[in-house]
Amino acid sequence: MQNLKDKVAVVFAASGDIAGAVARSFFQHGAKVYVTARNLDAVTVLAQEIRANGGNAETAKVDALNETEIDNFLKKVVADNGKLDVVFNGIGVDYSEMGGRPLTTVATFEQFMAPMEKICGSQFLTSRVAARYMMQTQSEGTILLLTAALSRSKLPNLAGITAASAAVEGMTRVMAAEWGEHGIKVTCICTGAIMETKRISAWIDAAAKQYGIPLEQLIAQYKAFDILKANPTLKQVGETAAFLASETGVVFNSHIVDVDCGKLNIL
């Protein structure tokens, strides 16, 4: 299906697994896709893959925490296309940026704030700049944010990223309320642990080494609250994003859309 035929879509932090999957789904549904990241080589490979499969993709080196770079890039996208239909930001944070998994009583203020600045801060910047251009061009587009199920979990030693994940969800609702009068839809995708991603694999490896727990035990803990004997795949996350950006997906405006196959411990 071509749910996004002739749409112009921008994916920030597209060097990550989730953002890459979203970019692939956008092109498969007919969109012209711009993939950006600080790592230009990574998104160049992604764009080459998309073009090799018959898609239309362009690349740019953009730091999704630098508002000037974001603005300059989106200005060019609008100048080249006359509109901006879809924006997705797949930025994430690594354990190293949080100092591992320190106790809340031990973590420094900088370690606590690192996920807030990077995750929530980047989503704030890319969303508001995109909204300005959507208003300017009357694109009535869709802005998709990304958060993690940590926002509604009770896991120790993860105060910073848990707070940042919840903040992204609250920000989603505020932005949807502000920009709805301009026809702009704002929705947040909330993923569970996607085992095939490099980030989750790295987290499991790091935790196993830090606490001396076998990998199999940690993986079992991730899956302990699964309602189904299935875990979400990268492709399913990408297809969900494409649906939410389509005309049919408008019914989910301002919502937090869980992509986790159902969890007993998540409200």
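This is a predicted model: local features need pLDDT of at least 70, side-chain atom pairs count only at pLDDT 80 or more; totals for chains, interfaces and linings use all residues.
Is Asn39 buried, exposed or partly exposed? Asn39 counts as partly exposed because its relative accessibility is 41%; buried means under 20% relative accessible area, exposed over 50%, and partly exposed in between, with a 1.4 Å probe and protein chains only. Good morning, colleagues.

Residues are numbered from 1 along each chain as its sequence is written, and side-chain values use heavy atoms, with hydrogens and water left out.

Asn39 sits in the loop between strand 2 (32–37) and helix 2 (40–52). Helices (H or I, at least four residues) and strands (E, at least two) are DSSP runs, numbered from the N terminus. Between the C-alpha atoms of Asn39 and Arg152 there are 31 Å, and the two residues are 113 apart along the chain.

I turn now to the interior. In soluble globular proteins, nonpolar side chains tend to be buried together. The largest nonpolar core here has 42 residues, and those with the most contacts inside it are Val10, Phe12, Phe73, Leu74, Leu84 and Ile143. By nonpolar core I mean a set of buried Ala, Val, Leu, Ile, Met, Phe, Trp, Tyr and Cys residues joined through side-chain atoms within 4.5 Å. At least two residues of this core come from each of strand 1 (8–12), helix 3 (67–81), helix 4 (109–137), strand 5 (142–148), helix 5 (159–179) and strand 6 (185–191). Helix 4 gives the most, with eight residues.

Leu74 illustrates the packing. Leaving aside neighbours within four places in sequence, Leu74 is in contact (heavy atoms within 4.5 Å) with Val10, Phe12, Leu84, Val129, Ala130 and Tyr133. Another core, of 34 residues, lies apart from the largest one and has Ala14, Val33, Val86 and Val237 among its members.

Next, the aromatic residues. Three aromatic pairs are found in a search of the whole structure. Rings of Phe, Tyr and Trp (its six-membered ring) pair if their centres lie within 6.5 Å; planes under 30 degrees apart count as stacked, over 60 as edge-to-face and the rest as tilted. Phe12 and Phe73 form an edge-to-face pair, at 6.3 Å centre to centre and 75° between the planes. Phe12 belongs to strand 1 and Phe73 to helix 3, so this pair ties together parts that are 61 residues apart in sequence. Both Phe12 and Phe73 are buried. The pair of Phe243 and Phe252 is edge-to-face because the ring centres are 6.0 Å apart and the planes lie at 70°. Phe243 is partly exposed, with a relative accessible area of 32%, and Phe252 is partly exposed, with a relative accessible area of 32%. One aromatic cluster is formed by Phe12, Tyr34 and Phe73.

Finally, helix 8. In helix 8 (residues 234–244), the buried residues are Leu234, Val237, Gly238, Thr240, Ala241, Ala242 and Leu244. These buried residues pack against helix 1 (17–28), strand 5, strand 6 and strand 7 (256–259). Within helix 1 we find Ser25, which counts as buried at 2% relative accessibility. Not counting residues up to four places away in sequence, Ser25 touches Lys235, Gly238, Glu239 and Ala242.
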